[in-house]
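Student: I have not looked at this structure before. Can we go through some of the descriptions and check each against its cut-off?

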Amino acid sequence: MTETAPAKQGEPRSGIARIVGASLIGTTVEWYDFFLYGSAAALVFNTLFFPSSDPLVGTLLAFMTYAIGFLARPIGGMVFGHFGDKIGRKKLLVLSLLMMGGATFAMGLLPTYGTIGVGAPILLTVLRLIQGFALGGEWGGAVLIVSEHGGDKHRGFWASWPQCGVPAGNLLATAVLAVLASVQSEAAFQSWGWRIPFLLSGVLVVIGLWIRVSVSESPVFLAAQAKAEAAAAKGAKEEPPVIEVFRRSWREVLGAIGVRFGENISYYIVTSFLLVYVTTHLDLPKSTALNAVLIASAVHFLTIPLWGALSDRIARRPVTLIGAVGMAVWAFAFFSLVDSESFPVITFSVTVGMLLHGAMYGPQAAFISEMFDTKVRYSGASVGSQLASILAGALAPIIAVELLRRFGSSTPIALYLCASAVVTAVTVLVIKETRGRDLTVSLSEAVPEHKPGTPVGSGERV
């Protein structure tokens, strides 16, 4: 008989809070590392590692290595997903944190193009690949270990907390850069000050590891693993999780890609590309964009769990639609307000953008987790989310910079942002609602007669 208590009743409040805290701190550190590179690519890497007479060309080259990190993410998702579905979520989460932190710390020690020539951008690219590989396995494991510890009723709320690692990491990275930019001269920041945030990653990783190693393995995974081992003892053979995902759950993978598509593009345009747009196109101080993102990230952090909780009450699809439709409309107002060159107006524009992004992002962890069965959940969630990162997040800053360079206007970028949000809205309209699914029950074990309006996988156990 399948063990059901963990999923039905959930962990005690203190237990789930500990799991959430460990996941949140770990994802905060990893996203700090990842976003630090994005901010540095817009502010200093374009001149220190990719010198060019045209600032936008140098920035474009810097963002190319930014995109390379995204290309490594699906590979990391498949590798981490395979072993996460085989040996557990916890071990892989510790490994991803070590890899990410080590690569970021090493970036702070790199010589620049002026010191060793072409070797500098090559080394930077290699470290960026390691970052992307590690992050590819981080997201799936972090949200799954929370989703599988918590109960069905409040999964949207609890699973949204690891999502807060994104604004928290961005908040931390932006805050460190903003402080350095305010207390250092431009020459000092370009010379050595930019290295400090990267070296700080070493301290953050130690703290994150200390907390993360204390969490327990997912009870839902342990039950599924015991079931798989019993089946294997009887001679049953199973395909590798990644292969099974593409053979049997490809529709869910496409659904995960669509759900993340508009969310990914909107986030990187509203944050990373904003730094380029404000400093290069509007010729404003970089502190204007940094401080606007700083304030918006704080609001983002506080509201993501609220969107997650709302998805527990009214379901995942309608909350995600609020964000997608809202972003499609706000795309045009966003750039019009930023073009005002007023710091309060720019901050307001970014904050509203982050609120709408949060409506897509808050329910997403539970939404995607509930799409897959336990034995392939790490692989399915990781592959779907990271393929979306290539198609959406990796290309977003590059496409936006190229559109700005070619047309010299924000209108094509707003159209691009709007179209991406429409893709997510359409996806959400055609996929099934997942709220309330019992994660201990596979889709094949659910009752065959599915009543309209009943969440996927909510049937009785066999």
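**Checking the labels**

Tutor: Start with G132, which touches F34, G69, A72 and R73, leaving out residues up to four places away in sequence. Keep in mind that this is a predicted model.

Student: What makes these residues count as touching G132?

Tutor: Contact requires heavy atoms within 4.5 Å, and F34, G69, A72 and R73 are in contact with G132 on that basis. For A72 there is also a C-alpha separation from G132 of 5.0 Å, with the two residues 60 apart along the chain.

Student: Where is G132, and why is it called buried?

Tutor: G132 is found in helix α6, residues 119–149. Its relative accessible area is 0%, and buried means under 20%, so G132 is buried.

Student: How do you know whether T288 is buried or exposed?

Tutor: T288 has a relative accessible area of 13%. The cut-off for buried is under 20%, so T288 is buried. T288 is found in helix α14, residues 286–314. Leaving aside neighbours within four places in sequence, T288 is in contact with V278, F343 and I346.

Student: Why is helix α7 described as largely enclosed by the rest of the structure?

Tutor: Helix α7 covers residues 155–163, and seven of its nine residues are buried, so the helix is largely enclosed. The buried ones are R155, G156, W158, A159, S160, P162 and Q163.

Student: What share of the protein's residues is buried?

Tutor: Buried residues make up 60% of the 462 residues. The accessible surface comes to about 17,200 Å², and 68% of that belongs to carbon and sulfur atoms.

Student: How many helices and strands does the protein have?

Tutor: The protein has 20 helices and zero strands. Of the contacts with a separation of 6 or more, 84% are between residues 24 or more positions apart.

Student: What is used to describe two packed helices?

Tutor: Two packed helices are described by the angle between their axes and the distance between the axes.

Student: Why are α8 and α14 called roughly antiparallel?

Tutor: Helix α8, residues 165–183, packs with α14 at an angle of about 155°, and the axes are 9 Å apart. Angles over 145 degrees count as roughly antiparallel, so α8 and α14 are roughly antiparallel. The crossing of α8 past α14 is left-handed.

Student: Which residues meet there?

Tutor: On the α8 side they include P167, L171, T174 and A178, and on the α14 side they include K286, L290, L294 and F301. By class, this contact of α8 with α14 has 13 nonpolar, five polar and one charged residues.

Student: What makes α13 and α20 roughly antiparallel?

Tutor: Helix α13, residues 250–281, packs with α20 at an angle of about 155°, with the axes 7 Å apart. The angle is set against the cut-off of over 145 degrees, and α13 and α20 are therefore roughly antiparallel. The crossing of α13 past α20 is left-handed. Residues meeting here include G258, F261, I265 and F273 in α13, and Y416, L417, S420 and T424 in α20. By class, the contact of α13 with α20 has eleven nonpolar, seven polar and two charged residues.

Student: Where are D283 and A315, and is each buried or exposed?

Tutor: D283 lies in the loop between α13 and α14. Its relative accessible area is 64%, and exposed means over 50%, so D283 is exposed. A315 lies in the loop between α14 and α15. Its relative accessible area is 7%, under the 20% cut-off, so A315 is buried.

Terms used:
Residues are numbered from 1 along each chain as its sequence is written. This is a predicted model: local features need pLDDT of at least 70, side-chain atom pairs count only at pLDDT 80 or more; totals for chains, interfaces and linings use all residues. Side-chain values use heavy atoms; hydrogens and water are left out. Helices (H or I, at least four residues) and strands (E, at least two) are DSSP runs, numbered from the N terminus. Buried means under 20% relative accessible area, exposed over 50%, partly exposed in between (1.4 Å probe, protein chains only). Axes are lines fitted to C-alpha atoms, for helices over the stretch in contact, and angles run from 0 to 180 degrees between N-to-C directions. Angles under 35 degrees count as roughly parallel, over 145 as roughly antiparallel, 65 to 115 as roughly perpendicular and the rest as oblique. A crossing is left-handed if the near helix is turned anticlockwise from the far one by less than a right angle, and right-handed if clockwise. Ala, Val, Leu, Ile, Met, Phe, Trp, Tyr, Cys and Pro count as nonpolar, Asp, Glu, Lys and Arg as charged, and the others, Gly among them, as polar. Accessible areas come from the Shrake-Rupley method with a 1.4 Å probe; for residues, only the protein chains shown count as cover.
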